[in-house]
Amino acid sequence: MKIETKCLHAGYTPKNTEPRVVPIVQSTTYVYDSTDDVAAVFDDPTKSLIYSRFENPTVMAVEEKINALEGGIGAMCTSSGQAASLLSLLNILKAGDSFISAATIYGGTVNLFAYTLKKLGIECIFVDADASEDEINAAFKPNTKAVFGETLANPALTVFDIEKFAKIAHAHGVPLIIDNTFPTPILCRPFEYGADIIVHSTTKYMDGHAVQGGGVIVDSGNFDWTNGNFPEFTEPDESYHGTIYTKTYGKAAYIIKARMQLMRDFGCYPSAQSAFYLNLGLETLHIRMKQYCENALTVAKYLESNDKVESVNYPGLPGNKYNELAKKYLPDGTSGVISFVIKGGRSTAVKFMDALKLASNEVHVADIRTCVLHPASATHRQLTDEQLVAAGINGGLIRLSVGLENIDDILDDLKQGFAAI
Ligand SMILES: *Cc1c(COP(=O)(O)O)cnc(C)c1O
């Protein structure tokens, strides 16, 4: 199946007289004919369903769909994007280990990596994603077990050189984890460039309609966990009566271990109802992503030509610092998110944004409706003008998430916003 068809059909194939639409299995538990059947499923939990803290048929249909879209060997949904990033790393790292991450990543992920994981004894070594191979190699320590980056960073909109980082990570015998939230598999499939694990906040474009939060981890099945660096994969797991993941589950060792150990213990699994909504979003993902890109490129060009705008950051624009990388990794477009700096700083930005009628002020991106956020008033509110400059945030910076309204209406709204300043 081509990717558009997978959006509609992967993950669920009804048999004779079964429901056309993936059913919501709203049950925490499952029944067995005998105690022997129960025992068998504890011996190998992949054979049947046990408990909805870590598996549910509705959620699993969506996992299968996202897995098919990314081209992986298996996927596991989580209750948020944050939970997906957390578990993707905890499945590999323990106290005393370190990992490398690009510095330009989502702010929530920075908090998780720099502060919360640190409390758990895991060190994140931040590197500039544009650094040379030598500089990145020099950041590795003997205890470094993974590398992490965002295909299209939120909110910096930098494009991550997946092939470069995959090559470096593999030379050190560690996997590359990619947060592919903004492109979705419609615009980029990181496994094709050597990434080993993918995470998403499905809260964004995948859901698309701003109705429920979620995340997912997808395993390529390509990383060799038996290379000596990952004893948790190759030695018996005492919490699962001595299972050796690479021996029992082969290429699917990573994603099955994530479910059997981490989801079992942390329980951040989505509800069937949430997965049902996510599936509805995925069914139109291919159509929506194309339109977001088309609308955003038109808006970016309009902003670039506007003399009230100081600068526009959209990697799809010719002349953007990341346009060459975007052509390679995101040839069909760079999503609907744009940031731009309005001339006149914080007060002009506020005036402009308050004048918008169609675009709503939201602490969200990748909504189906056009929305805006003023970082200086929201996520970076506590900073003074001087501190904003030091943090690299211009008071006039506006993040614009272009939605699926008619492009003329979006442009008209921006025009009347500029007229109001
Ligand atoms: C929003 C976001 C996250 C976190 O996802 P939640 O679903 O809000 O927990 C992670 N990565 C990126 C790139 C995001 O945009």
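Helices H12 and H13 are oblique to each other, since their axes, which come within 5 Å, cross at roughly 60 degrees. In this predicted model, H13 spans residues 285-304, and H12, which covers residues 272-283, also packs against helix H3.

**H12 with H13**

- The contact between the two helices is made by Gly281, Leu282 and Glu283 on the H12 side, and by Leu285, His286 and Arg288 on the H13 side.
- Sorted by class, the residues of this contact comprise two nonpolar, two polar and two charged ones.

**H12 with H3**

- The axes of H3 (residues 57-70) and H12 come within 8 Å and cross at roughly 35 degrees, and the crossing of this pair is left-handed.
- From H3, the residues Thr58, Val59, Val62, Lys65, Ile66 and Leu69 take part, and they meet Ala272, Ala275, Phe276, Leu278, Asn279, Leu282 and Glu283 of H12.
- Nine of the residues in this contact are nonpolar, while two are polar and two are charged.
- Leu282 and Glu283 of H12 are listed in the contact with H3, and Leu282 and Glu283 are also listed in the contact with H13.

**H4 with H5**

- Helix H4 (residues 81-90) and helix H5 (residues 107-119) have axes that come within 10 Å and cross at roughly 45 degrees, and the two helices are therefore oblique to each other.
- The crossing of H4 and H5 is right-handed, with Gln82, Ser85, Leu86, Leu89 and Leu90 of H4 in contact with Gly108, Thr109, Leu112, Phe113 and Leu117 of H5.
- This contact holds six nonpolar and four polar residues, and no charged residues.

**Cysteines**

- Zero disulfides are found when the whole structure is searched.

**Ala166 in H7**

- Ala166 lies in helix H7, which runs over residues 162-171, and it counts as buried at 4% relative accessibility.
- Leaving aside residues up to four places away in sequence, Ala166 touches Leu176, Tyr193, Gly194 and Ala195.
- The C-alpha atom of Ala166 is separated by 8.2 Å from that of Asp196, a residue 30 positions apart from Ala166 along the chain.

**Phe352 in H15**

- Phe352 is placed in helix H15, which is made up of residues 345-355, and it counts as buried at 0% relative accessibility.
- With residues up to four places away in sequence left out, Phe352 touches Phe340, Ile342, Ile398, Leu414, Gly417, Phe418 and Ile421.
- Phe352 and Val38, which are 314 residues apart along the chain, have C-alpha atoms separated by 62 Å.

Key: Residues numbered from 1 in each chain as written. Predicted model: local features only at pLDDT ≥ 70, side-chain atom pairs only at ≥ 80, totals over all residues. Heavy atoms only, no water. Axes fitted to C-alpha atoms, helices over the stretch in contact; angles between N-to-C directions. Helix = DSSP H or I, 4+ residues; strand = E, 2+ residues; numbered from the N terminus. Parallel < 35°, antiparallel > 145°, perpendicular 65-115°, else oblique. Left-handed = near helix turned anticlockwise from the far one by under 90°. Contact = heavy atoms within 4.5 Å. Nonpolar A, V, L, I, M, F, W, Y, C, P; charged D, E, K, R; others polar. Disulfide = S-S within 2.5 Å. Buried < 20%, exposed > 50% of the residue type's maximum accessible area, 1.4 Å probe, protein only.
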